[in-house]
Amino acid sequence: MAIAIASDHGGFELKQHLVAYYAKKGISLVDLGTHSSDSCDYPDIAKVMCEKIKSGEVETGILICGTGIGISIAANRYKGIRAAILYSDDVAALVRQHNNANIAVLGGRTMGFDEAAGRMDIFLNTAFDGGRHERRIEKLDSLEGC
């Protein structure tokens, strides 16, 4: 599975720790930036991630901003993108099982590394349940101009 990671300046430090963590596990993340703690705009970061997922270059992504809220709002503007903030371990599993989320969102200023890494492990190791949830995903993907 190809996995991309990206953050704005508020998530830069957490992004760097996650890249190193997964490298130690033998998983190479595609780092889409930002590459410093200099201020940047989360809508621009979300756009790059969503384009990579929509093109099929990567299957899933990790987005990080200060709280996770802004970057998740930006990502969810793109058709076919289902970005969810992993605010608990249960949610990390449920957003995959029920919503088939293709982007995990973390808050660089609202969660620590251990918490974020644990939730990402849950997210990445949980499969979509399909079934009754499939029709809901199809409805989400068909929404236009709400």
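What follows is a short exchange on ring pairs and their surroundings.

This is a predicted model, where local features need pLDDT of at least 70, side-chain atom pairs count only at pLDDT 80 or more, and totals for chains, interfaces and linings use all residues. Residues are numbered from 1 along each chain as its sequence is written, and side-chain values use heavy atoms, without hydrogens and water.

Me: How many aromatic pairs does a search of the whole structure find?
Reply: Rings of Phe, Tyr and Trp (its six-membered ring) pair if their centres lie within 6.5 Å. On that rule, the search of the whole structure gives two.

Me: Which kind of pair do Tyr-21 and Tyr-22 make?
Reply: Planes under 30 degrees apart are stacked, over 60 edge-to-face, the rest tilted. The centres of Tyr-21 and Tyr-22 are 4.8 Å apart and the planes stand at 75°, so the pair is edge-to-face.

Me: Is Tyr-22 buried or exposed?
Reply: Buried means under 20% relative accessible area, exposed over 50%, partly exposed in between (1.4 Å probe, protein chains only). Tyr-21, at 21%, is partly exposed. Tyr-22 has 1%, so Tyr-22 is buried.

Me: What kind of pair do Tyr-21 and Phe-113 make?
Reply: Their ring centres are 5.5 Å apart. Their planes are at 80°, so this pair is edge-to-face.

Me: Which residues form one aromatic cluster?
Reply: Phe-113 is partly exposed, at 29% relative accessible area. The cluster consists of Tyr-21, Tyr-22 and Phe-113.
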